[in-house]
Amino acid sequence: MKGRRRARGVALITAMLITAITGSLAAGLAWDNALDVRRTMVLLFHEQGFQVALGAESWIRNILRDDGIDSPTDHLGELWASDLPGLPVDNDSVQGAVVGNIEDLQGRFNVNNLIDANGEVDPDVLEQFQRLLVILEIDPRFAGLAADWIDADQDAGFPDGAEDSIYTGLIPPYRALNRSLTNVTELAALEGMDPASMKVLLPHVTALPRGTQINVNTATPVVLQSLDANLDVSAIEGLLSQREEAGFADYAQTFSTLVTNPAMFAQITETSSYFQLKAVVQIDTVRVTYYSVLSRSPNGGPVTTILRSLGTI
Ligand SMILES: [Ca+2]
Ligand SMILES: [Ca+2]
């Protein structure tokens, strides 16, 4: 009798254990399944967000092409310069919105101009970059460091230079780039560069193909000031009030007395070929931040995308 009762007890406990295990297995499967569904939805929303950003880019390319046909100059009062209004994304299954803006990259200092067409450091551009850094209260030696970072040789500039001999001694060690930057955030690799300085510098610098000019109609105030050592804050305030939204009426005349170095004067223009689109697309809970660099050919030619990135520039 006793043995049978014990066997029944064991059977009962076994049954309870099996029920408990299957119960927790089922709950686990349901949880995994819910997570899988959510993961798939997020991937789908992300892909949809990316496609919406590409659509916005294509629309902006048309706006820039039309602008190139319609107007001989580029300034901040033009259609491309206004923020993209918040446009809804709504096609039954997908709900969201896209916002964005376009910036004229020729309103910034192109760090690749530090090296001239012969592969040598351009002393005028180097001095301009030093002035820009001083105005921004950043250590001006980063100008020389950037020139060495980009130039092809391994000869460290004096007094502000650094090549492989410095970078390979860092922890972790790395080597100088020794060619043009494709992304201006690569300046973060310069010896001694810190995130706070990068944050201040980034709105005023860009990495475009060599030989671009600065559009004085769209240039940031500090970039304008960096054009000549004699320009001060009050001179820039005067220039900005003259510029207003439609740009300078006669930029060459305005700057002919202000920019005294002919090499620097040759660096300025009132038109642009390189623009940066930033599009932020929200689909459900997923946000896609998309950047692209657009290059506009002269005389109503096509606008092409030369660089794309997600998340950060
Ligand atoms: Ca224009
Ligand atoms: Ca170098």
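Guide: The largest cavity holds about 40 Å³ of space, where a cavity is a set of points, on a 1 Å grid over the protein atoms alone, at which a 1.4 Å probe fits but cannot get out, and a volume is the space filled by probe spheres set on the points, which are joined across faces, edges and corners. This is a predicted model, in which local features need pLDDT of at least 70 and side-chain atom pairs count only at pLDDT 80 or more, while totals for chains, interfaces and linings use all residues. Residues are numbered from 1 along each chain as its sequence is written, chains are lettered from A and ligands numbered from 1 in the order written, and side-chain values use heavy atoms, with hydrogens and water left out.

Visitor: Okay, and which residues line the largest cavity?
Guide: Its lining, meaning residues with an atom within 4 Å of a point, is made of Phe109, Asn110, Asn113, Val125, Gln128, Thr212, Ile214 and Gln267. Strand S3 (109–110) and helix H2 (123–135) each give two or more of these residues; helices (H or I, at least four residues) and strands (E, at least two) are DSSP runs numbered from the N terminus.

Visitor: What about pockets, how big is the largest pocket?
Guide: The largest pocket has a volume of about 250 Å³, a pocket being an open set of points with protein on both sides within 12 Å along at least five of seven lines. Of the 21 residues that line this pocket, the closest to its centre are Thr182, Asn183, Ala207, Val293 and Leu307.

Visitor: Which strand gives the most to that lining?
Guide: That is S9, with four residues.

Visitor: Switching topic: what holds the calcium ion (ligand 2)?
Guide: The protein donors, which are N, O and S atoms within 2.8 Å of the metal (3.2 Å for Na, K and Ca), with water not among the atoms, so that sites may look incomplete, come from Asp148, Asp151, Asp153, Glu163 and Asn178, and they lie 2.2 to 2.6 Å from the ion. Along the chain these donors follow the spacing D-x2-D-x1-D-x9-E-x14-N.

Visitor: Is Asn178 buried or exposed?
Guide: Asn178 counts as buried because its relative accessibility is 17%, and buried means under 20% relative accessible area, exposed over 50% and partly exposed in between (1.4 Å probe, protein chains only). Asn178 also has a positive phi of about 60° although it is not a glycine, and its place is in the loop between H4 and H5.

Visitor: And the calcium ion (ligand 1), which residues are its donors?
Guide: The donor atoms belong to Asp67, Ser71, Thr73, Asp74 and Glu78, lying 2.3 to 2.8 Å from the ion. Asp67 sits in helix H1 (residues 2–70), whereas Glu78 is in the loop between H1 and strand S1 (84–90), eleven residues apart, and both Asp67 and Glu78 are buried.

Visitor: One more: which residues of helix H7 are buried?
Guide: In H7 (residues 233–243) the buried residues are Ile236, Leu239 and Arg243. They lie on the same side of H7 because they cover an arc of only 60° around the axis, taken from the directions from the helix axis to the C-beta atoms. The face turned away from that buried side carries the exposed residues Ser234 and Glu237.
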